[in-house]
Amino acid sequence: MKLAIDHLSCRRAGRLLIDDLTLTIAGGEALVVKGPNGAGKSTLLATLAGRLKPAGGTIRLVGDDATAGRGGEEDAPLAERAVLVGHRDGLKVALTAAENLVFAAAMLGAPATPAEAAAALDVFGLAHLADIPVGYLSAGQRRRVALTRLVLARFVPVDRPVWLLDEPTSALDAAAQEDLAHLMRQHLAGGGLIVAATHLPLGLEGARSLTLGSQAGYHDAADGWEFGA
Amino acid sequence: MMAALGALLVRDLKLAARVGGSGLLGVVFFLMLVTLIPFALGPDLNLLSRIGPAILWIAAVLATLIGLDRLFQGDEEDGSLDLMRMSHVPLELVVIVKGLAHWLTTGFPLALLSPLFGLLLAQEPDAMLAVMATLMVGTPALTFIGGIGAALTASLPRGGLILAVLVLPLMIPTLIFGVSAAQAAIGGTVPFLTPFLVLAALSLVAIVTGAVASAAALRGGG
């Protein structure tokens, strides 16, 4: 499986943030998107998640088996094969952590029981908070509840191999950052794909990096893509 | 897919019942409006019973607006809408289920309790039943017409006022046929069934076009 981005352009409020980006991410690879504030990191992730329409170009998830689907293209669009954890964490403050996860699991395609949701919360050491409304949790705890969506696939049959992470480590303490890095390495070892926008090191060795700037043009450098020449 | 839609309905009903949800606030607002009218008009029972169905319908339209501005805005602000956009469930069905949850917490209890409120407006038993039937059939149209405005204003701050200005004119046909069906039941030259069936048709059309239009607005938003 690979994620093929072909001549992608993204516009936000009339400004061209990403111009003619072409790259391919294979299964087991991570792409770390860097760049100054406003460079278009979140825009790129929102476009991959299907929330924003690209101004040009295509995004395709191509399966390993060329006979599967149309010319090797997966039948479901990328958005339906991906889990997004963005800076808006998608949690309802009036619902408990477990209730939020039960709903997220249903939206990700595999209904979970409250017990399964509590088991998933245990991965981030939050099992004791499963029945507490999210409104009472700290920013870091909320972020961990949101990140728990990534590991739902271990408990219920969620088939979403692409992780789209926007500043995943914000508000996390050192231990939780290490947990997340560990989960990401396991996900990559299992053939998954990760696209993460971040300023901070994620603890992923060998991850490819894409640095976005404010001018147009990208070229393929030895260690990844860089903006400009 | 049914499991996902069921989970969405359960979640929205829970949210309505908990802190910060609009819950049965629409019904309380409805009661306030209906109680205020007799104070303003004075104790003229004939006048009240004549204009009662119209008052109940106007109160229902205004009560429907409660909670409507948060129908999609809350989910847009906290990112839950991204979960729904990225699910395998078509956005049109998401809109229908969210509309159903809104109707179950506003239009439905409102219609159910309208005979009680009819007492305050000196309504005859026939008129109470007629208003109840028209509200039961007509309030889904109000919810789904309002849903289009809610989807369009989902990403706007202070979208509630714009929402009211946008959707109230679109609710006029529903109001006209709702009131005329209720009036027809208590006398008049038109048989009850004629405006009542048009009202039912308005609701069915509103559910379909509302779902498609709201989903289109939510896809294009952001």
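Reader: Let's start with residues 127–154 of chain B. How far apart are the end C-alpha atoms?
Author: This is a predicted model, to be clear. In it, the end C-alpha atoms of residues 127–154 of chain B are 38 Å apart. That span is 93% helix and 0% strand.

Reader: And residues 161–186 of chain B, how much helix there?
Author: Residues 161–186 of chain B are 81% helix and 0% strand. Their end C-alpha atoms lie 36 Å apart.

Reader: What does UniProt call these stretches?
Author: The unreviewed UniProt entry annotates both 127–154 and 161–186 of chain B as "transmembrane region".

Reader: How many helices and strands does chain B have?
Author: Eleven helices and zero strands in chain B.

Reader: What about overall size? Which radius of gyration does chain B have?
Author: Chain B has 18 Å. A compact globule of 222 residues would come out near 17 Å, so the value agrees. Along the principal axes, the C-alpha atoms of chain B fill a box of roughly 55 × 35 × 30 Å.

Reader: How much of chain B counts as buried?
Author: Of its 222 residues, 52%. As for contacts in chain B between residues at least 6 apart in sequence, 80% of them join residues at least 24 apart.

Reader: Switching to H4(B). Which residues are buried there?
Author: H4 of chain B covers residues 70–78. Buried in it are B:Arg70, B:Leu71, B:Phe72, B:Gln73, B:Asp75 and B:Glu76.

Reader: What do they pack against?
Author: Helices H5, H6, H8, H9 and H11 of chain B. Just after H4(B), B:Gly79 has a positive phi of about 90°.

Reader: Now the largest nonpolar core. How many residues?
Author: It has 142 residues. A:Leu101, A:Ala105 and A:Leu152 are among those with the most contacts inside it. H8(B) supplies the largest share, 15 residues.

Reader: What does A:Leu152 touch?
Author: Leaving out residues up to four places away in sequence, A:Leu152 touches A:Leu101, A:Ala105, A:Leu108, A:Ala112, A:Ala120 and A:Val158.

Reader: Last topic, the contact between the chains. How many residues from each?
Author: Chain A gives 26 residues and chain B gives 21. On the side of chain A that touches chain B, strand E5 (82–85) and helix H2 (97–108) each give two or more residues. H2(A) has the largest share of that side, seven residues.

Reader: How do the residues on that side of chain A divide?
Author: Into 16 nonpolar, four polar and six charged.

Methods
Residues are numbered from 1 along each chain as its sequence is written. Chains are lettered from A and ligands numbered from 1 in the order in which they are written. This is a predicted model: local features need pLDDT of at least 70, side-chain atom pairs count only at pLDDT 80 or more; totals for chains, interfaces and linings use all residues. A residue is buried if 20 or more other C-beta atoms lie within 10 Å of its own, exposed if 12 or fewer, and partly exposed in between; C-beta atoms are placed from the backbone. Helices (H or I, at least four residues) and strands (E, at least two) are DSSP runs, numbered from the N terminus. Two residues are in contact if their C-beta atoms, placed from the backbone, lie within 7 Å. The radius of gyration is taken over C-alpha atoms; the globule rule is 2.2 Å times the number of residues to the power 0.38. UniProt positions are given in the numbering used here, feature names are shortened, and annotations may be inferred rather than shown by experiment. A nonpolar core is a set of buried Ala, Val, Leu, Ile, Met, Phe, Trp, Tyr and Cys residues joined through C-beta atoms within 7 Å. Ala, Val, Leu, Ile, Met, Phe, Trp, Tyr, Cys and Pro count as nonpolar, Asp, Glu, Lys and Arg as charged, and the others, Gly among them, as polar.
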